[in-house]
Amino acid sequence: MSGLSEREKAALRYYIGDVSGSDPFWSDPKAYVVLNALFFPGIATERARAAEGKRLNPAILDDTDRFTELFSALFLAFRHSAAETERHSFRVERESDFQLCQAAGAALSFTSTSKAGFLSEYRDRLGIALMRFTLPVGTLCIDVAEALDFYAKPEEAEILIPPFSELSITALPLTDSEMLILDSAGAPPVRSCEVKVGGIRRAGETVKLPDGGAKAGQRVFAALNEGKEPAKEDTVLFSEWKRAYTIRLNRLFTELLS
């Protein structure tokens, strides 16, 4: 892989959880929980993460320009990272997230996959789908070990796939060994599938970000973190904001690639 800039490396390190310090934003080792949830429609994904005991960090939504800059740096990193040979990787996905990606025919968020098989670290979710990825030559993806001078989590052997990547999904029968891979409740996988990754899908025209959408998201996070039901008006406003923001990110990504 061609060398990433320091800005791009810093964004990638932050995304994978290689952080330090005490700043509420920059020190969060699991910021990707919120960053990825922003790409999904509604708040079902946030609900699922909260139900798994994951904290939704409201500080991430304090400054829209800050996390937009982070996304921009990550998008730029993919410009250096088209697969030079066919690659293969694996992911233990939430069944609920899988269904949304299958319906869309695309990766809705940044998608972490592993060259090391189905990692036990990612079985901490309720309801799982096993995904075997094929990344043809030319596919945009980041092999994190190759991209960084120091990789804080080498055991994960991560290949990162960008949001908006087209996915062609084929169902596979669950094998006996796959049935032994259990979710956080001790249940076997719901499904197994083969996934071929394609090009980047373009969204429609950008729309205005609703005023107060990020603040509404912070209130949604606070409620879900406490096991409470968010206010309906906050859920609606945050969902509208996410939809508009995701379209903007798609336009940003495709413009950076052109």
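Q: Which residues is Phe-110 in contact with, leaving aside its neighbours within four places in sequence?
A: This is a predicted model, in which local features need pLDDT of at least 70, side-chain atom pairs count only at pLDDT 80 or more, and totals for chains, interfaces and linings use all residues. Residues are numbered from 1 along each chain as its sequence is written, and side-chain values use heavy atoms, with hydrogens and water left out. With contact taken as heavy atoms within 4.5 Å, the partners of Phe-110 are Tyr-15, Asn-36, Phe-39, Phe-71, Leu-74, Phe-75, Phe-78, Leu-160, Ile-161, Pro-162 and Pro-163.

Q: Is Phe-67 buried or exposed?
A: Buried means under 20% relative accessible area, exposed over 50% and partly exposed in between, with a 1.4 Å probe and protein chains only. Because its relative accessibility is 0%, Phe-67 counts as buried.

Q: How far apart in space are Phe-67 and Leu-35, C-alpha to C-alpha?
A: Leu-35 is among the residues that Phe-67 touches, as are Trp-241 and Tyr-245. Although Phe-67 and Leu-35 are 32 residues apart in sequence, their C-alpha to C-alpha distance is 8.3 Å.

Q: How many residues has the largest nonpolar core?
A: A nonpolar core is a set of buried Ala, Val, Leu, Ile, Met, Phe, Trp, Tyr and Cys residues joined through side-chain atoms within 4.5 Å. Those with the most contacts inside the largest one are Leu-12, Phe-67, Phe-71, Phe-110 and Phe-238, and its number of residues is 48.
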